[in-house]
Amino acid sequence: MVYITGDCHGDFERIVEFCEDACTMAEDDVLVILGDAGINYYGIPTDNELKQMLSDLHITLLCIHGNHEMRPETIETYEEVEWNGGDVYIEQEYPNLLFAKDGEVYNLDGRRCVVIGGAYSIDRYSRTPYVS
């Protein structure tokens, strides 16, 4: 099953509740986050606490970058791997947290989906902690 949401901005309370309520969730289920997940928002160790909490959910998260988060290709701990017909960025420590690569086409539940992530906001310098 594929589920879609967006704009979590690092607040995953509703996602956790959804995963707890949907008792049939499995790691082959995919929750697509359409931008601004906030998982790599600060670029500091507290990001890892969020990643650990999300990795404990028994679902695969496919995150499409938004305009208020670090790009995984700029973070040393990520590597590219093939997933569902396209390449994704992944950290081995959190194997169910995938970050889509722009321009890739993925097979999601029998449907081909192309990824085009968000651009940088013109106000990013005042709104994004890691940009100086």
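This is a predicted model: local features need pLDDT of at least 70, side-chain atom pairs count only at pLDDT 80 or more; totals for chains, interfaces and linings use all residues.
**Entry 1: the largest pocket**

I then took the volume of the largest pocket, which comes to about 190 Å³. The lining consists of 13 residues, and I noted V2, I4, V32, L108 and C113 as the closest to the pocket centre.

I next asked which elements supply the lining. At least two residues each come from β1 (2-5), β2 (30-34), β3, β7 (105-108) and β8 (111-114). I recorded β8 as the element that gives the most to this lining, with three residues.

**Entry 2: the chain as a whole**

I turned to the overall layout and found three helices and eight strands in the protein chain. Reading along the sequence, I wrote down the pattern β-α-β-α-β-β-β-β-β-β-α. The protein chain has 132 residues, of which 48% count as buried. I also looked up the contacts with a separation of 6 or more, and 64% of them join residues 24 or more positions apart.

**Entry 3: helix α1**

In α1 (residues 13-21) I looked for buried positions and found I15, V16 and C19. These residues lie on the same side of α1, because they cover an arc of only 100° around the axis. I noted for reference that an α-helix has 3.6 residues a turn, so residues three or four places apart point the same way.

I then examined the face of α1 turned away from its buried side, where the exposed residues E13, E20 and D21 are carried. For the packing of the buried residues of α1, I recorded β1, β2 and α2 as the partners.

**Entry 4: helix α2**

I repeated the search in α2 (residues 46-55), where D47, L50, K51, L54 and S55 are buried. Their arc around the axis is only 135°, so they too are placed on the same side of α2. The buried residues of α2 pack against β3 (60-64) and β6 (97-100).

I followed L54 individually. Leaving aside neighbours within four places in sequence, I found L54 in contact with F12, I39, L61, N96 and L97.

**Entry 5: the nonpolar cores**

Which residues have the most contacts inside the largest nonpolar core? I found F12, I33, I39, L54 and L61, in a core of 23 residues. I noted that α1, β2, α2, β3 and β6 each supply at least two residues of this core. The element that gives the most to this core is α1, with three residues. I also located a second, separate core of 12 residues, with V30, L62, L98 and V115 among them.

**Entry 6: positive phi values**

I checked the backbone for residues other than glycine with positive phi. N84 has a phi near 50° and is a residue other than glycine. I placed N84 in the loop between β4 (79-83) and β5 (86-90). With a relative accessible area of 32%, N84 is partly exposed.

I also noted D109, a residue other than glycine, whose phi is positive, near 55°. D109 is found in the loop between β7 and β8. Is D109 buried or exposed? I recorded D109 as exposed, with a relative accessible area of 58%.

Conventions:
Residues are numbered from 1 along each chain as its sequence is written. Side-chain values use heavy atoms; hydrogens and water are left out. Buried means under 20% relative accessible area, exposed over 50%, partly exposed in between (1.4 Å probe, protein chains only). Helices (H or I, at least four residues) and strands (E, at least two) are DSSP runs, numbered from the N terminus. The arc is that of the directions from the helix axis to the C-beta atoms. Contact means heavy atoms within 4.5 Å. On a 1 Å grid over the protein atoms alone, a cavity is a set of points where a 1.4 Å probe fits but cannot get out, and a pocket is an open set with protein on both sides within 12 Å along at least five of seven lines; lining residues have an atom within 4 Å of a point. Grid points are joined across faces, edges and corners, and a volume is the space filled by probe spheres set on the points. A nonpolar core is a set of buried Ala, Val, Leu, Ile, Met, Phe, Trp, Tyr and Cys residues joined through side-chain atoms within 4.5 Å.
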